[in-house]
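Colleague: I would like a close look at a single part of this model. Please take me through it step by step.

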Amino acid sequence: MKIVPVACLEDNYAYLIIDEITKAAAAVDPVEPEKVLAAASEVGAYIDCVLTTHHHWDHAGGNEKMRLLVPGIKVYGGSLDNVKGCTDQVENGTKLSVGKEIEILCLHTPCHTKGHISYYVSTKEEDPAVFTGDTLFIAGCGRFFEGTAEQMYQSLCVTLGSLPKSTRVYCGHEAKFGAKSPVEALRTVRNTKDTWKGGIHCRAML
């Protein structure tokens, strides 16, 4: 399994999840379809489905264009979320596959939107990954637009928190940092934490 982040808009991440045997790929939140298709072409992959985390335009806004560019493509989205361009609705526990090796488990992680879906992706030999959209970020969580604190706790601490410790996390964006990949954003977070002068800042505010 190969995962390719694709920077979109100002601070969004789309992703390609590629089965390296067949070169079939799932595209996660391809809000800029042409850019995501070009990234797939660069690594010799082809996109055969879209995984939409939630209905907000900066995640689902490319679905209809993707359907025009790739006729017959399946576009998955949460059954409670009214995802634009969705062809196939998914619920908590729905299982999908890509190519010969990749298995995908849909996890309902509501609060940011009521039908938000995170996608847990695994193969037999590699560490798993989860694509958390706007539920879990590198330095926080998504805003509570359509849910409650109790729902966010359940989504973060129970649903996502119960995944194996080896699970790699790929978030929808990190608005505070505008990095080109989650790894770059994490470096920025660590650097900010390591160089923060809390005492000096507090004294300056007095």
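In β3, which residue is the bridge partner of Y15?

Modeller: The partner is V28 in β3. Keep in mind that this is a predicted model. Y15 sits in β2, and there it is also the bridge partner of P5.

Take its neighbours in turn. β1 and β2 run antiparallel and are joined by 7 bridges. They form a hairpin with 3 residues between the strands. In that hairpin, L9 takes a positive phi near 50°. β2 and β3 also run antiparallel, joined by 4 bridges. Their hairpin has 5 residues between the strands. K23, in the turn, has a positive phi of about 70°.

Now look at burial. Of the 7 residues of β2, 7 are buried, so the strand is largely enclosed by the rest of the structure. In a regular strand, side chains alternate between the two faces of the sheet. Check that idea here. N12, A14, L16 and I18 lie on one side, and Y13, Y15 and I17 lie on the other. Both faces are covered.

What else lies against this region? Turn to helix α1, residues 33-42. Its residues P33, V36, A39 and A40 are buried. They cover an arc of only 130° around the axis, which puts them on the same side of α1. S41 and E42, on the other side of α1, are exposed. The cover over the buried residues of α1 includes β1, β2, β3, β4 and α3. After α1 comes G44, with a positive phi near 75°.

Next, the cores. In soluble globular proteins, nonpolar side chains tend to be buried together. The largest nonpolar core here has 25 residues. I17 is one of those that touch the most other members, along with L51, I104, Y119 and F131. β2 supplies at least two residues of this core, and so does each of β3, β4, β7, β8, β9, β10 and β13. A second, separate core has 19 residues, including V4, A27, V31 and A39. A39 is also among the buried residues of α1.

One last stop is Y119. Among the residues Y119 touches are L51, I104 and F131. Its contacts also include Y76, V90 and C106.

Key: Residues are numbered from 1 along each chain as its sequence is written. This is a predicted model: local features need pLDDT of at least 70, side-chain atom pairs count only at pLDDT 80 or more; totals for chains, interfaces and linings use all residues. Side-chain values use heavy atoms; hydrogens and water are left out. Buried means under 20% relative accessible area, exposed over 50%, partly exposed in between (1.4 Å probe, protein chains only). The arc is that of the directions from the helix axis to the C-beta atoms. Contact means heavy atoms within 4.5 Å. A nonpolar core is a set of buried Ala, Val, Leu, Ile, Met, Phe, Trp, Tyr and Cys residues joined through side-chain atoms within 4.5 Å. Two strands pair if DSSP finds at least two bridges between them. Lists of a residue's contacts leave out its neighbours within four places in sequence.
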